[in-house]
Amino acid sequence: MLSHFFPDPLRLGIAECAAAAIIAMLAMLLARRRGVNMLVELPLAQLRGIVQIVAVGAILTFLLRGPQWTSILVLTAMMLAAATIVRSRSKQIPRAFTLALVSIFIGAGSVLALMILLGVIPLKITMLVPVGSMVIANTMNMQSVFLDRFRGEIRSHIGEVESALALGATPDVAAMPYLRAAYKASLIPSIDNVRSLGIVWIPGIMAGMVLSGASPLYAALYQFVVITTIFSAASVTCLSASYLVTRRVFTTDQQLLLRG
């Protein structure tokens, strides 16, 4: 229907973005019935998202004319931005930015580097940046879930944690049940993505490859590669965070910092 009123592609895109934003606002209005009020946060997030994605489109248009190695710089900038977002969601964890950045670099960086060395992901901006951005975004999301769940678990079991410390347990041992619970919870969305691939959803890369002329079978196989790469990177990221986070929520005297 919108294409009838907006024949120009640019105006059509703007109208489609406006429609999607309005529907999201209506969804948040319905969520208020359950006491979830994000009407202030959502418009700001939408405005930030549209500005960022348009800027990225402009940058990619410029980079496509330059050397291929510049894609590494783009992914590095994405990791920095992802770590900043994780920090904003984990303000109660000391030095959350460095924790997030190191974990994302270890998880997303190492897995992407391995896939590039194996030749699975070509070192081309048209492939590396889109795939890399999905990997980094998912590691960011999973790490935010992991840290939020871990913080909630610790705050809900302060007595048990401090009792374990009083009996001589190290911070790692005292926090282990809650690290394990947070790690499992953070993996659920990614595992469900792998399980539902092709049945519940057909991701964009497969559709794009088919539309560009690639074999549908090869596109399907490569989509599986991308989804499992995302899972591997996110899993390693949260695993790295699980080793780093205890140093931030306990003092050198083994006292818990995450309190009410």
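These are my notebook entries on what I looked up in this predicted model.

**Entry 1: the overall picture**

I began with the secondary structure. I found eleven helices and zero strands in the protein. Reading from the N terminus, I noted the order as α-α-α-α-α-α-α-α-α-α-α. Next I looked up the dimensions: the C-alpha atoms fill a box of roughly 70 × 50 × 35 Å along the principal axes. Of the 260 residues, 35% are buried.

Then I turned to contacts along the chain. Among those between residues at least 6 apart in sequence, 70% join residues at least 24 apart.

**Entry 2: how confident is the prediction?**

I wanted to know which parts to read with care. The average pLDDT is 83, and 91% of the residues score at least 70. Which element has the lowest mean pLDDT, and which the highest? Helix α9, residues 204-211, has the lowest at 61, while α5 has the highest at 92.

**Entry 3: the nonpolar core**

I looked for the largest nonpolar core and found one of 52 residues. I wrote down the residues with the most contacts inside it: I136, F146, F150, V161 and V245. Which helices each supply at least two residues of this core? My list reads α4, α5, α6 (125-156), α7 (158-166), α8 (171-196) and α10 (216-244). Helix α6 gives the most, with twelve residues.

Setting aside its neighbours within four places in sequence, I found F146 in contact with L179, A182, Y183, S186, C238, A241 and S242.

**Entry 4: a serine in α10**

I then clicked on S235, which lies in helix α10. Is S235 buried or exposed? S235 counts as buried because its relative accessibility is 15%, and the cut-off for buried is under 20%. Leaving out neighbours within four places in sequence, S235 is in contact with M142, Y183 and L187. I noticed Y183 here again, as it was also on my list for F146.

**Entry 5: salt bridges**

How many salt bridges does the structure hold? I counted three, and I took them one by one.

- The side chains of D148 and R151 meet with N to O at 2.4 Å. Both residues lie in helix α6, three residues apart, which is about one turn of the helix. D148 is partly exposed because its relative accessibility is 39%, whereas R151 is buried at 15%.
- R149 and E153 pair up at 2.9 Å, N to O. This pair also lies in helix α6, four residues apart, again about one turn. R149 is partly exposed, with a relative accessible area of 35%, and E153 is buried at 16%.
- D192 joins R195, with the closest N and O atoms 2.7 Å apart. Both lie in helix α8, three residues apart, about one turn. D192 is partly exposed at 36%, and R195 is exposed at 58%.

**Entry 6: a nonpolar patch on the surface**

I found a nonpolar patch on the surface formed by L47, I50, V51, I53, V54 and V56. Together these residues have about 510 Å² of accessible area.

I checked V56 on its own. V56 sits in helix α3, residues 41-63.

**Entry 7: a lysine in a loop**

My last stop was K91, found in the loop between α4 (70-89) and α5 (96-117). Buried or exposed, I asked of K91? K91 is exposed, because its relative accessible area is 69%, and exposed means over 50%.

I finished with a distance. K91 and L167 are 76 residues apart along the chain, and their C-alpha atoms are separated by 30 Å.

Conventions
Residues are numbered from 1 along each chain as its sequence is written. This is a predicted model: local features need pLDDT of at least 70, side-chain atom pairs count only at pLDDT 80 or more; totals for chains, interfaces and linings use all residues. Side-chain values use heavy atoms; hydrogens and water are left out. Patches are made of residues with over 30% relative accessible area and no salt bridge: like charges are joined within 9 Å, nonpolar side chains (Val, Leu, Ile, Met, Phe, Trp, Tyr) within 5 Å. Accessible areas come from the Shrake-Rupley method with a 1.4 Å probe; for residues, only the protein chains shown count as cover. A salt bridge is a side-chain nitrogen of Lys or Arg within 4 Å of a carboxyl oxygen of Asp or Glu. Buried means under 20% relative accessible area, exposed over 50%, partly exposed in between (1.4 Å probe, protein chains only). pLDDT is the predictor's confidence in each residue, from 0 to 100. A nonpolar core is a set of buried Ala, Val, Leu, Ile, Met, Phe, Trp, Tyr and Cys residues joined through side-chain atoms within 4.5 Å. Contact means heavy atoms within 4.5 Å.
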